[in-house]
Amino acid sequence: MKNILLAIIFCGIYQMGMSQNYIPAIKNNTKLNYVCKLHGQTRSLTLVTKMDKDTLVLNLETRGVKSSIVISQKGLKNGNALSYNQGEYAPVLVLKPSETSFMISQSAYQDLVKNKKFVYNNTTYVLDEKTDKNSVVLDGKSVDAFHVTAQIDKTEIWIIKNPDFPLICKMTENPLGINFLLVKIEDN
C-alpha cells in the first residue's frame, strides 16, 4: 500500500513538472488559432505555417478574409519590427526584411536569452522573471514562455521558448489596441 501511494505521488509530481515545460512544436502546416482583441472588437484568427528555406508564409484567415503573410529569411533571422498588418489590404503581404509577424526574430530571441532584453519597433522589452510562468495554457498544459514588458508603456508579451520559432503566444496592454492570445495549436 505504501509503495502504491508513493508511486501515485511520484506520478503526480512528474506530471506537474512535465506540464511546466511544454514547448509546442511549430513545423510546416501547423495551424495556429488565436483570439484577437482589435480596438474593442474580438475575433478569431487562424494561421497555417508554410515553411521553406527562404521564407515563412503564414496563411491567415479571419472573418472571411484570407491572405498570406510572407516573412523573409532575413526577417526571421534578424528582424527588429513587428508587423500588425493582417492582410486586410492585399491577398499577399510581403513583409519588409526587417519585419516579422506573430513572432520575434531569432536574433531578438538570442538577445532576450543572453541580455534579458531585446529591442523591437524601437521599444526595449525586458524579461520579467517575477511573473507566474503559468500565464499561457494550451490544451491544459502550461506553455514554457518568456514574459517581457515594454519599458515605455504597459505592453506585455509572452514568447514561446523556441529559438527556431519564437512565436508570440500572448500580447496584452498594447497601446495600438491590438492584443492576441494563442488558444490552440494543431498539426495538419
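Reader: Over the ring of which residue does the charged end of K170 sit?

Author: This is a predicted model, in which local features need pLDDT of at least 70, side-chain atom pairs count only at pLDDT 80 or more, and totals for chains, interfaces and linings use all residues. Residues are numbered from 1 along each chain as its sequence is written, and side-chain values use heavy atoms, with hydrogens and water left out. A charge is taken to sit over a ring if NZ of Lys or CZ of Arg is within 6 Å of the ring centre and within 35 degrees of the ring normal. Here the charged end of K170 sits over the ring of W158, 4.4 Å from its centre.

Reader: Are Y34 and F180 buried or exposed?

Author: Buried means under 20% relative accessible area, exposed over 50%, and partly exposed in between (1.4 Å probe, protein chains only). Y34 has a relative accessible area of 1% and is therefore buried; F180 is buried as well, at 5%. F180 also forms a tilted pair with F102, at 4.9 Å centre to centre and 50° between the planes. Since F102 lies in the loop between β7 (99-100) and α3 (106-115) and F180 in strand β15, this pair ties together parts that are 78 residues apart in sequence. Y34, F102 and F180 form one aromatic cluster.

Reader: How many bridges join β1 to strand β2?

Author: Two strands pair if DSSP finds at least two bridges between them. Strands β1 and β2 (residues 41-51) run antiparallel and are joined by 8 bridges; V35 has S44 as its bridge partner in β2. The two strands form a hairpin with 2 residues between them, and H39 in the turn has a positive phi of about 50°. Strand β2 also pairs with β3 (residues 55-62) in the antiparallel sense, over 6 bridges. The bridge partner of K50 in β3 is V57, and a hairpin of 3 residues joins β2 to β3.

Reader: With which side chain does the side chain of N33 make a polar contact?

Author: A polar contact is a pair of N or O atoms within 3.5 Å; within protein, one must be able to donate a hydrogen and the other to accept it, and residues adjacent in sequence count only if both atoms are side-chain atoms. N33, found in strand β1, is buried with a relative accessible area of 13%. Its side chain makes a polar contact with the side chain of E186 (2.9 Å).

Note on methods:
Rings of Phe, Tyr and Trp (its six-membered ring) pair if their centres lie within 6.5 Å; planes under 30 degrees apart count as stacked, over 60 as edge-to-face and the rest as tilted. Helices (H or I, at least four residues) and strands (E, at least two) are DSSP runs, numbered from the N terminus.
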